[in-house]
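Subject: Structure handover

Hi,

Here is the structure we discussed.

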Amino acid sequence: MTTRLADIAAQAGVSEATVSRVLNGKPGVAATTRQSVLAALDVLGYERPVRLRQRSEGLVGLITPELENPIFPALAQVIGQALTRQGYTPVLATQTPGGSTEDELTEMLVDRGVAGIIYVSGLHADTTADMQRYERLRAQGVPYVLVDGFSPKVQAPFISPDDRAAMTLAVTHLVSLGHTRIGLALGPKRFVPVQRKIEGFVRTMQDLLGLGAEAVETELIQHSLYTLEGGQAAATALMERGCTAIVCASDMMALGAIRAARQRGLDVPKDVSVVGFDDSPLIAFTDPPLTTIRKPVPAMGQAAVRTLLEEIGGTPAPHSEFVFMPELVVRGSTASAPGDRTRP
């Protein structure tokens, strides 16, 4: 013990008595001196006494789905940078098929003493999931914020894009180009963002084209997976029903839709227009560059961090949903409808 005290004192540039006071949690040591001693412990590879392991207060968990969809790494980067600027250390925990579940990742993070958790597109977005897991987490005293999804059963701050408005932007754009047979390709219906996109799509198709809600839902909406292959399958089904334009619920699905059109010998956008959703990194450089709905990732990520830190600091934000407006970004994958080439 004496040797260890001497080593730490020499590394920190303080007396052994000061090191002893820090290790025993005694008062009367300046904050900067205390930090120097703790840093010396870390440098020399000594384990901190349990009562001094306060660094975990600076850890914030971020639980995301798989990282193959580039929108998730983009959001993780914004959140990670915002946390780092505030002196916190982000801990990224990723769900993968056949890997750790959200509950397992949550337990792992709680065991490591995280100060809070940000969930992105988690079970809170699944209307069939048991929301009691979040109430149990709150009972443990762990603050959290939920991104992309909403449940009235969970008393927590939610951060969402306006999915209904996104569909209005996409459909309005395509109708202005002369399209009247517009399809929607999206994920499983049990997810809240999917249900909201359907609501916005159906309402806008009714308002602009006078179509009945039942006809739109049965003929022009195709559920699939949020993958390139899922987009390809959904787009194939919609094109077989005569759609000349397809709105996709993710950019990955939109790339699948473009591939489906080409496999049928069709040109994008001359024969089929395609709209994505997210405006993922590099999506502007596809062939053709993708028209898409830009999710306000920077604003959403920063709001998630700000809201979580307010929860951690004891001044929680209202337990409500903060909704961010998306933006239509027009590029080369949309054009006037076939047979309507007089339009710009």
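Helices here are DSSP runs of H or I with at least four residues, numbered from the N terminus. The model is a predicted one.

Start at the end of helix α11. G265 follows α11 and has a positive phi, near 75 degrees. The helix itself covers residues 251-263. Its 13 residues should span 18 Å at 1.5 Å a residue, and the end C-alpha atoms are 19 Å apart, so the two values agree.

Which residues of α11 are buried? They are D251, M253, A254, G256, A257, I258, A260 and A261. An α-helix has 3.6 residues a turn, so residues three or four places apart point the same way. The buried residues of α11 pack against strands β6 (182-186), β8 (245-248), β9 (273-278) and β10 (291-294). They also pack against helix α10 (228-240).

Next, the helix pair. The axes of α7 (residues 163-176) and α8 (residues 192-209) come within 7 Å. They cross at roughly 40 degrees, and the crossing is right-handed. By class, the contact has eight nonpolar, four polar and six charged residues. On the α7 side, the contact residues include D163, R164, M167 and V171. Among those they meet in α8 are R196, F201, M205 and L209.

Last, the strands. β1 (residues 59-64) is mostly covered, with five of its six residues buried. β1 pairs with β2 (residues 89-94) in the parallel sense, over six bridges. T64 has T94 of β2 as its bridge partner.

Best wishes

Key
Residues are numbered from 1 along each chain as its sequence is written. This is a predicted model: local features need pLDDT of at least 70, side-chain atom pairs count only at pLDDT 80 or more; totals for chains, interfaces and linings use all residues. Side-chain values use heavy atoms; hydrogens and water are left out. Helices (H or I, at least four residues) and strands (E, at least two) are DSSP runs, numbered from the N terminus. The expected span of a helix is 1.5 Å times one less than its number of residues. Buried means under 20% relative accessible area, exposed over 50%, partly exposed in between (1.4 Å probe, protein chains only). Contact means heavy atoms within 4.5 Å. Axes are lines fitted to C-alpha atoms, for helices over the stretch in contact, and angles run from 0 to 180 degrees between N-to-C directions. A crossing is left-handed if the near helix is turned anticlockwise from the far one by less than a right angle, and right-handed if clockwise. Ala, Val, Leu, Ile, Met, Phe, Trp, Tyr, Cys and Pro count as nonpolar, Asp, Glu, Lys and Arg as charged, and the others, Gly among them, as polar. Two strands pair if DSSP finds at least two bridges between them.
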